[in-house]
Amino acid sequence: MIFYNPKEIREIIFSAYLNPKFKVEKLPHNNKTIFEHSNVCVDTIELNLEFNDNVLIDAKYKAEGCT
């Protein structure tokens, strides 16, 4: 198991925010689209998963939020 100190955790979060790997601006909806919205704040996420023979081959997301 890998342990990170608070500074490393912040760097990982900021790096993922500034350079997201799988985030897209437009996300076509299909029967594999998952949509979640927070009841507490403005956070939303849409997630598209693509499978081939029960193996995940692609994942893309569109998200809005404060973090």
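Contacts between residues 24 or more positions apart make up 22% of those with a separation of 6 or more in the protein, a contact being heavy atoms within 4.5 Å. The model is a predicted one, in which local features need pLDDT of at least 70 and side-chain atom pairs count only at pLDDT 80 or more, while totals for chains, interfaces and linings use all residues. Residues are numbered from 1 along each chain as its sequence is written, and side-chain values use heavy atoms, with hydrogens and water left out.

On to the overall form. The protein has one helix and three strands, in the order α-β-β-β from the N terminus; these are DSSP runs, numbered from the N terminus (helices H or I, at least four residues; strands E, at least two). The C-alpha trace spans about 40 × 30 × 20 Å along its principal axes. Of the 67 residues, 7% count as buried, that is, under 20% relative accessible area with a 1.4 Å probe, protein chains only.

Beyond its neighbours within four places in sequence, asparagine 48 is in contact with residues including Leu27, Pro28, Asp58 and Ala59. Its side chain also makes a polar contact of 2.5 Å with that of threonine 33; such a contact is a pair of N or O atoms within 3.5 Å, and within protein one must be able to donate a hydrogen and the other to accept it, with residues adjacent in sequence counting only if both atoms are side-chain atoms.

Technical notes. Buried means under 20% relative accessible area, exposed over 50%, partly exposed in between (1.4 Å probe, protein chains only).
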